[in-house]
Amino acid sequence: TQGLSRSSKQMGEQITSAFTAKAPLDQAKLDELEEMLIEADLGPHSAARITERFGREKFGKAVDEQEIKESLAEAIGDELSSRQGRFDPLSGPRPYIVLFIGVNGSGKTTTLGKIAADLRSKGAKVLIVAGDTFRAAAVEQLKVWAERSGADFMSRPTGSDAAGLAFDAIERAQREAYDVVLIDTAGRLQNKQGLMDELLKVIRVIKKLDPEAPHETLLVLDATVGRNALAQENIFGNQIGVSGIVMTKLDGTARGGVLVPVAQASDSPIKLIGVGEGIDDLQPFDPRAFARSLVG
Ligand code: GDP
């Protein structure tokens with residue numbers, strides 16, 4: 001499974017209680033199903049499309065719980081199949097430069113740490129850059145991840161210029177033949193324009209050393225904020241440009257369905273999902289497995 005325990009449980013139990021007997025599928029049941037999908041934050045459009053398709057296939061037919069789950073999983077999987085992307089830094093140019101963006105608390109630091117650990121286990125030479133120069137706690141946390149994974153680490157005193165740090169880091173990575181550079185960034189959305197300007201400056205500076213970089217700009221979104229994730233995708237997607245989405249904390253919410261409208265609203269694919277706080281709790285996004293896990 002993709003580790004969506006709470007979402008699975010909620011939708012699974014709802015389907016079980018709504019379809020106790022094997023009865024012909026009628027409009028009332030279809031409406032109930034649509035409501036469940038909306039409650040799991042799939043969004044009204046996806047919920048309507050999926051319910052409609054299900055109705056076309058099964059209306060008037062006797063259906064049981066298992067068939068419903070299978071059909072729903074298939075419909076959701078189809079909705080998502082074109083929204084999947086691969087994150088594969090080791091098959092790209094060297095040093096492969098990855099920028100992590102997203103609001104504070106979304107799971108940027110943790111995701112970066114998990115990726116560093118994975119890359120190190122494959123023998124890659126990895127440089128972690130603490131580009132959120134305003135939060136001392138974030139720098140400390142990232143340093144712990146660097147030590148844990150055996151990646152090298154660069155930071156600056158609190159309040160330093162993030163773009164300057166990024167420049168020095170990439171220069172070093174080019175000089176010292178690093179495979180991958182993972183750059184954390186600030187995420188204080190209270191000062192939105194200031195944040196966007198800072199991120200754009202970091203990107204401009206990176207391009208001075210490598211016009212093709214950043215090779216990846218991963219937007220980290222927290223599934224537990226539900227439909228707020230859509231607004232965040234909109235802001236970062238429009239202002240910064242995103243090459244892939246990481247959706248975190250899918251283990252900690254019954255609203256994991258929000259991945260569906262985010263995937264559909266975004267120009268960039270979902271690449272990874274976070275299903276826990278541990279070092280191994282990051283997975284490539286698999287639309288079919290995700291869909292199965294979602295319906296319980
Ligand atoms: P940042 O501010 O964006 O860097 O966010 P952090 O990486 O510090 O994460 C914020 C909190 O969310 C921390 O307590 C993490 O352990 C937790 N977290 C991150 N990813 C996941 C995940 O996939 N599942 C769960 N349950 N917690 C997560």
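Reader: Is Phe285 buried or exposed?
Author: This is a predicted model, in which local features need pLDDT of at least 70 and side-chain atom pairs count only at pLDDT 80 or more, while totals for chains, interfaces and linings use all residues. Residues are numbered from 1 along each chain as its sequence is written, and side-chain values use heavy atoms, with hydrogens and water left out. The term buried stands for under 20% relative accessible area, exposed for over 50% and partly exposed for what lies in between, with a 1.4 Å probe and protein chains only. Because its relative accessibility is 2%, Phe285 counts as buried.

Reader: How many aromatic pairs does the structure hold, and which residues form an aromatic pair that is edge-to-face?
Author: Rings of Phe, Tyr and Trp (its six-membered ring) pair if their centres lie within 6.5 Å, and planes under 30 degrees apart count as stacked, over 60 as edge-to-face and the rest as tilted. The structure holds 1 aromatic pair. With 5.7 Å centre to centre and 65° between the planes, the edge-to-face pair is formed by Phe285 and Phe290.

Reader: What is the relative accessible area of Phe290?
Author: Phe290, the partner of Phe285 in the aromatic pair, is also a residue to look for inside the model. Phe290 is buried, because its relative accessible area is 0%.

Reader: At roughly what angle do the axes of helix α2 and helix α3 cross?
Author: Helices are DSSP runs of H or I with at least four residues, strands are runs of E with at least two, and both are numbered from the N terminus. Axes are lines fitted to C-alpha atoms, for helices over the stretch in contact, and angles run from 0 to 180 degrees between N-to-C directions. The axes of α2 (residues 27-39) and α3 (residues 44-58) come within 9 Å, and they cross at roughly 145°.

Reader: Which residues of α2 make the contact with α3?
Author: Contact means heavy atoms within 4.5 Å. From α3 the contact takes in Pro44, Ala47, Ala48, Ile50, Thr51, Phe54 and Gly55, and from α2 it takes in Leu30, Leu33, Glu34, Leu37 and Ile38.

Reader: Where does Thr185 lie, and what is its relative accessible area?
Author: Thr185 lies in the loop between β6 (180-183) and α8 (192-209). Leaving aside residues up to four places away in sequence, Thr185 touches Leu99, Phe100, Ile101, Lys108, Gly131, Asp132 and Leu199. Thr185 counts as buried because its relative accessible area is 3%.
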